[in-house]
Amino acid sequence: MNEKTEKNIYLPKIAILDRVVDEIKDVRTFYWHFEDPAEQEKFKRFLPGQFAQISIFGVGEFPASLPPSPTEKETFFTIRAVGTCTEALHRMKPGEKFGVRGPYGNGFPMDKYEGKNLVFVAGGIGLIPLRSCIIYAIENRDKYGKIQIFYGARTPAELMYRENLSQWEKQAGIECYLTVDRATDGWQGNVGVVGSLFKKPGVKVSVENTIAFVCGPPIMFRFVIKDLLEMGFSEDNIVSTLERYMKCGVGKCGHCCIGSAYVCVDGPVFTYRQIKKLGEDI
Amino acid sequence: MKARIIESENVMKIVDLLMEKYEVIAPFSGLGRDSFFERVTDENKHLIKLHIPNPYYPPKRFVFPHIERMMRIRAGKDKIDIEPEYNVKPLAIFGIRSCDVAGIGHLDRFFLGGKYRDCYYEIRRKSLFLVNMVCSMPGVDITDECFCLCADTGPAARELFDLQLMDIGDVYLVVAGSMAGEEFLRDPIFKKATQEHVDRRRAILSEVRKQFKDTTSWFSATVRYVSQGAVLEKTWEEIGNRCLECGGCTYVCPACTCFTVSDRKSANGEVERVRIWDSCALGGFTRMAGGFNPRKAVHDRRNRRFYRKLAHYFIQRELSMACVGCGRCAAVCHGDVGMPAVVEMIRRATVQVEAK
């Protein structure tokens, strides 16, 4: 590989698909590894909240958040089939090859949050980017205070990462609350929007010295932010990760530019105070 | 500055000299107002024109092509080969105007600055030789739309060129702006300039500066209003209402940098990944898979374009405004919302609010 190629920020590295796991309807988790072990080593230094560009050769490239924690062994993406590229990925079989480049973006400053309580609020597939920080925080349990997880989906069948959820619910030292908008047969848990969990008897959302991670559909985002601000969270202690149409991931193509920020290089993680200033729909 | 002169009848000899080392691009005249940059060959060389209106299609494309192949991807049975494609052909642009030199300066800071360097741009830029031509003929070089004076990029570029030419009557005054330019000036076709030549250049330039329209000198105030968010929603809507969403302004802009990336299958089963200029004026620019578009209304997108170009934040980031005052957007816009018009609209509307 010559020097030029080394410096080419647009060049994807070959990845091999290991296995595919169905999560919920239209959403699958793709386990993969780089063909070149050196690339795998380099890539594994990513931070929770960063993202990568996935290439399906002949179809195109798209950004995807990284659901694994860097403390985990395997690398994987969880992707909803929603457009041409993601649908093409969904058609791929284990052993097939695609391209990955990254990691990109700022990620959550997990080291800055050491000593603080962490509140995770996720809706639907908003759990994908937050999964990384949750696992990371659990793996580094002694570095953080209270860990509370609030997660909601439309129906029980649409709850993501089922295995992780039941583990978190059982695990000592972690509070994990689940809710669904509509209960179906056999659902014993809470029914209502994510915010309804905050007011449940026995639940005390930590506010002092706490960082709230919020990720989910726009409507959920708006209501949860309102709840958190009412509880007394400062705008600096609410963090989220944004998604935008992106072509390059490295601050050049211009598509993800909102306000005075490029989501790809200045984000995708922003505090609510920053998000408010950007001046676009979330 | 060691100035040189070359007789007017010899100025095209510079092109001959350039052609020994470079593929040369130069301005040509078409029908009516039309003018264009084109590759110079022995056949068309005699048609090169220095004193013509600046071509609408900017020379930006020689460092940042409209469509550029980034890599070829060959998928074999169990191997995928990705072969990046770089253009390393040395290129010289003869007769590039000062505004367009500033445009390339802006691209330099954008593509080569920040955390990541764009290697495709870098490779083209490294082998580029710029022969800047100072605009000195009002009505010919300088048109009604020109406002480089206000963007502080012209009529004579102060940096980033290798050579700069200025027509001062019977001779052209030539100065070098780089080591490569100095080297070039050693050729015996260039003679030493006298103090009289340098004085004449200064006199002509100060006369030319008076020939620009005065309504465009409101940039700094507009930058302030845009940066402070003091522009009324109503004003953005008004600008948006006039926009036909054709993207013309962005395609002729020497400082616009947005692109999209596309995979194309070629006949032999290869895939080529290309990048193509994109435009924030177009509705699909920010639309995500699934249909959600955070930037819906056209005035949102106009706001976006002018914010990107005029906000102090970005000027600080790139150390220059993403507008070089060439006036092309004003010339091509069907809705008359090119940069000078928008600067004026924002200034007027905001003045009205202040006066209340």
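Predicted model: local features only at pLDDT ≥ 70, side-chain atom pairs only at ≥ 80, totals over all residues.
Chain A falls into three parts: domain 1 (7-104), domain 2 (117-240) and domain 3 (242-282). Between the centres of domain 1 of chain A and domain 3 of chain A, taken over C-alpha atoms, the separation is 21 Å. Where these two domains meet, domain 1 of chain A contributes 8 residues and domain 3 of chain A contributes 7 residues. On the domain 1 side of this contact, at least two residues each come from β3 (51-56) and β6 (97-104) of chain A. That side has 5 nonpolar and 3 polar residues, with no charged ones.

β3(A) pairs with β4(A) in the antiparallel sense, over 6 bridges. The two strands make a hairpin with 3 residues between them, and Gly58(A), in the turn, has a positive phi of about 95°. β3(A) is also joined to β6(A), again in an antiparallel arrangement, by 4 bridges.

Attention now turns to chain B. Its two domains are domain 1 (4-62 + 84-211) and domain 2 (219-355). Their centres, taken over C-alpha atoms, are 27 Å apart. In the contact between them, 25 residues of domain 1 of chain B meet 20 residues of domain 2 of chain B. On the domain 1 side, α2 (98-112) and α4 (148-151) of chain B each provide at least two residues. The most comes from α2(B), which gives 10 residues to that side. Sorted by class, the side of domain 1 of chain B that touches domain 2 of chain B has 13 nonpolar, 8 polar and 4 charged residues.

The two chains also touch each other. Their contact involves 33 residues from chain A and 37 residues from chain B. On the chain A side, the elements that give two or more residues are α1 (3-6) and β4 (60-65) of chain A. The chain A side of the contact divides into 13 nonpolar, 10 polar and 10 charged residues.

A final view concerns the interior. In soluble globular proteins, nonpolar side chains tend to be buried together. Here the largest nonpolar core has 184 residues, and those with the most contacts inside it are Phe120(A), Val121(A), Phe213(A) and Ile25(B). Helix α4 of chain A (residues 127-139) supplies the largest share of this core, at 9 residues. The surroundings of Ile25(B) can be listed in detail. Not counting residues up to four places away in sequence, Ile25(B) touches Phe37(B), Glu38(B), Arg39(B), Val40(B), Pro59(B), Phe62(B), Leu91(B), Ala92(B), Ile93(B) and Phe94(B).

Terms used. Residues numbered from 1 in each chain as written. Chains lettered and ligands numbered in written order. Domains from an automatic or database assignment. Nonpolar A, V, L, I, M, F, W, Y, C, P; charged D, E, K, R; others polar. Core = buried A, V, L, I, M, F, W, Y, C linked by C-beta atoms within 7 Å. Buried ≥ 20, exposed ≤ 12 C-beta atoms within 10 Å, placed from the backbone. Pairing = 2+ DSSP bridges.
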